[in-house]
Amino acid sequence: MTNTEQKAQYNVYVKLQAARVRLQADGLKKTGENTYSHFKYFQLDDFLPTVNKIFADVGLCSVFSITGDTAVLTIVNAEDTTQAVTFTSPIAEAGIKGASAMQQL
């Protein structure tokens, strides 16, 4: 059995867990900094290129959208698009002083 055939047998949850482990092992650094409240945070540039590479390697695809006041991230198994996991989160309007509402959320 080839590596590609083996990978196709994994369901979306197995692939997502493998991607999470690889991302955690990558040692990403937070480059965003809130100087008012003295904390660092991840920016999209800190992790998105690594996530995209890992997802391509394990056979996942992410689809992000914002509908009204909810952000939706759907992770799809690229080898079996009937398998997907969806995450939702409320969104908040960003403030200016100190921490933004989105950072507080």
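Colleague: Buried means under 20% relative accessible area, exposed over 50%, partly exposed in between (1.4 Å probe, protein chains only). How many residues of strand β4 are buried?

Modeller: Six of the eight residues in β4, which spans residues 70-77, so the strand is mostly covered. Strands (E, at least two residues) and helices (H or I, at least four) are DSSP runs, numbered from the N terminus. This is a predicted model: local features need pLDDT of at least 70, side-chain atom pairs 80 or more, while totals for chains, interfaces and linings use all residues. Numbering runs from 1 along each chain as its sequence is written, and side-chain values use heavy atoms, without hydrogens and water.

Colleague: And the chain as a whole, how much is buried?

Modeller: Buried residues are 22% of the 105 in the chain.

Colleague: Back to β4. Which strands does it pair with?

Modeller: β3 (residues 60-67), antiparallel, through eight bridges, and β5 (residues 84-90), also antiparallel, through seven. Pairing takes at least two DSSP bridges between the strands.

Colleague: What sits between β3 and β4?

Modeller: Two residues, in a hairpin. G68 in that turn has a positive phi of about 60°. T67 has T70 of β4 as its bridge partner.

Colleague: What stands opposite T70 in β5?

Modeller: P90. β4 and β5 form a hairpin as well, with six residues between them.

Colleague: Other topic. What's the order of elements along the chain?

Modeller: α-α-β-β-α-β-β-β-α, which comes from four helices and five strands.
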